[in-house]
Amino acid sequence: MAYNNNNTLNVTELMTGKDCRLFVQNPNGADNILLAEINEFKVIMTVNSVQYQPVGSLLEGTVPTGVTFDLTFTEAVIRDDVIMSPLLKAIQNGYIPVYHFQGANAKFDGSGEERMTFNYAMPNGQFGLMNAVPGEVVKREQSYRLNAIPRLIAEMASKYLPSVA
């Protein structure tokens, strides 16, 4: 087995939350709106499986049955026109709207960006409408289930670590 000859990570390539952005597609057009009021977001993949133990085997195996993807974020409340107003209007009209998001992580020196699409997102689970705590910034949490597999539309590579391609 070959080992990486460059066994020291160059920390200048590390990104922090300030290097990341979340966008939502404008429901009135194809352009993306930066959700600058978001202070944290995450997309999580959950692999669902069933257990199977063949007769005569001590080993119980795992059989994957599917995957789910969830997008969650917390926003400071400064506007309602991008997500909240269209959501509540749609619900009043008898349906749940679908959103399309993009997440981006960019290297601070401009040498690369990772960008993913998070399409066909529907509100899922608890969805914050109004929350107030004296002395704190007014925030609300949102949770979406993605009904499409996230897709990398821009990939980044390391300048210092060897590529596997």
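**Exercise 1. Surface and charge**

How much accessible surface does the protein have, and what share of it belongs to carbon and sulfur atoms?

*Solution.* Start with the ground rules. This is a predicted model: local features need pLDDT of at least 70, side-chain atom pairs need pLDDT 80 or more, and totals for chains, interfaces and linings use all residues. Residues are numbered from 1 along each chain as its sequence is written, and side-chain values use heavy atoms, without hydrogens or water.

Step 1. The accessible surface comes to about 11,300 Å² (Shrake-Rupley method, 1.4 Å probe). Carbon and sulfur atoms hold 56% of that surface.

Step 2. Turn to charge. Lys and Arg count as positive, Asp and Glu as negative; His and the chain ends are not counted. Each charge is placed at NZ of Lys, CZ of Arg, CG of Asp or CD of Glu. The mean positions of the 12 positive and 16 negative charges lie 3 Å apart.

**Exercise 2. Overall layout**

Work out the order of elements in the protein and why it is more spread out than a compact globule.

*Solution.* Step 1. Count the elements: one helix and eight strands. Both are DSSP runs, numbered from the N terminus: helices are H or I with at least four residues, strands E with at least two.

Step 1. Along the sequence the pattern reads β-β-β-β-α-β-β-β-β. The radius of gyration, taken over C-alpha atoms, is 20 Å.

Step 2. Check the box: the C-alpha atoms fill roughly 60 × 55 × 35 Å along the principal axes.

Step 3. Of the 165 residues, 27% are buried. Buried means under 20% relative accessible area, exposed over 50%, and partly exposed in between (1.4 Å probe, protein chains only).

**Exercise 3. The faces of H1**

Sort the residues of helix H1 into buried and exposed, and find what the buried ones pack against.

*Solution.* Step 1. H1 spans residues 84–92, with Met 84, Leu 87 and Ala 90 buried.

Step 1. Down the axis, the buried residues fall within an arc of 135 degrees (directions from the axis to the C-beta atoms), so they line one face.

Step 2. On the other side, Lys 89 and Gln 92 are exposed.

Step 3. The buried residues pack against strands E5 (99–106), E6 (113–123) and E7 (139–146). Contact means heavy atoms within 4.5 Å.

Step 4. Gly 94 follows H1, with a positive phi near 95 degrees.

Technical notes
The radius of gyration is taken over C-alpha atoms; the globule rule is 2.2 Å times the number of residues to the power 0.38.
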